[in-house]
Amino acid sequence: MQQIIVDITISPDEWIKLYQGSATDVHTTARDGRSVRFPARILSRFYLQNGIKGSFRILFDDAGKFVSVERLA
């Protein structure tokens, strides 16, 4: 199993674009410097009134398929 750790801030306005489908992927840089892109929908359970903000660990299998995401403390 592989993982990346990302620090993300998505404003409510940006989230609406993602939610409505005008944009579907989040593009960011992992802490280790890798450029990553993943479906925004994996973060939907972390959405609050002020958007999404925090550090997240994203796990994926050896084929690059999403397994899980968790918010880091």
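A pocket, as the word is used here, is an open set of grid points with protein on both sides within 12 Å along at least five of seven lines, and its lining residues have an atom within 4 Å of a point. The model shown in these views is predicted.

**View A. The largest pocket and its lining.** The largest pocket holds about 180 Å³ of space. Its lining consists of Ile4, Arg34, Val36, Arg37, Phe38, Pro39, Ile42, Ile58, Phe60, Gly64, Lys65 and Phe66. Strand 3 and strand 4 are the elements that give two or more residues to this lining. The largest share, four residues, comes from strand 3.

**View B. The two faces of strand 3.** Strand 3 spans residues 35–39. Val36 and Phe38 make up its covered face, while Ser35, Arg37 and Pro39 make up the uncovered one. In a regular strand the side chains alternate between the two faces of the sheet. Both Val36 and Phe38 of the covered face, and Arg37 and Pro39 of the uncovered face, are among the residues that line the largest pocket.

**View C. The hairpin of strand 2 and strand 3.** Strand 2 covers residues 25–29 and pairs with strand 3 in the antiparallel sense, over five bridges. Within this pairing, His27 stands opposite Arg37 of strand 3. Five residues lie between the two strands of the hairpin, and in the turn Gly33 has a positive phi of about 95 degrees.

View D. Thr28 is a residue of strand 2. Thr28 counts as buried because its relative accessible area is 18%, and the cut-off for buried is under 20%. Leaving out residues up to four places away in sequence, Thr28 touches Val6, Asp7, Arg34, Ser35, Val36 and Phe38.

**View E. Phe38 and the largest nonpolar core.** The largest nonpolar core has 19 residues, of which Val6, Ile10, Phe38, Leu43 and Phe56 touch the most other members. Two or more residues each come from strand 1 (2–10), helix 1 (12–20), strand 3 and strand 4 (52–60). Apart from neighbours within four places in sequence, Phe38 is in contact with Ile8, Thr24, Asp25, Val26, Thr28, Leu43 and Ile58. Phe38 also belongs to the lining of the largest pocket.

View F. Three strands form an open sheet in the order 1-4-5, with antiparallel pairing. Strand 1 and strand 5 (66–71) are the edge strands, each pairing on one side only. From one strand to the next, the twist averages 25 degrees. Strand 1 is joined to strand 4 by nine bridges, and in strand 4 the bridge partner of Asp7 is Ser55. Helix 1 lies across strand 1 and strand 4, and runs at about 120 degrees to strand 1.

View G. Strand 4 and strand 5 run antiparallel and are joined by five bridges. Arg57 has Glu70 of strand 5 as its bridge partner, and Phe60 stands opposite Phe66 of strand 5. The hairpin has five residues between its strands, and Gly64 takes a positive phi near 85 degrees. Phe60, Gly64 and Phe66 are among the residues that line the largest pocket.

Methods
Residues are numbered from 1 along each chain as its sequence is written. This is a predicted model: local features need pLDDT of at least 70, side-chain atom pairs count only at pLDDT 80 or more; totals for chains, interfaces and linings use all residues. Side-chain values use heavy atoms; hydrogens and water are left out. Buried means under 20% relative accessible area, exposed over 50%, partly exposed in between (1.4 Å probe, protein chains only). Two strands pair if DSSP finds at least two bridges between them. A nonpolar core is a set of buried Ala, Val, Leu, Ile, Met, Phe, Trp, Tyr and Cys residues joined through side-chain atoms within 4.5 Å. Contact means heavy atoms within 4.5 Å. Axes are lines fitted to C-alpha atoms, for helices over the stretch in contact, and angles run from 0 to 180 degrees between N-to-C directions. On a 1 Å grid over the protein atoms alone, a cavity is a set of points where a 1.4 Å probe fits but cannot get out, and a pocket is an open set with protein on both sides within 12 Å along at least five of seven lines; lining residues have an atom within 4 Å of a point. Grid points are joined across faces, edges and corners, and a volume is the space filled by probe spheres set on the points.
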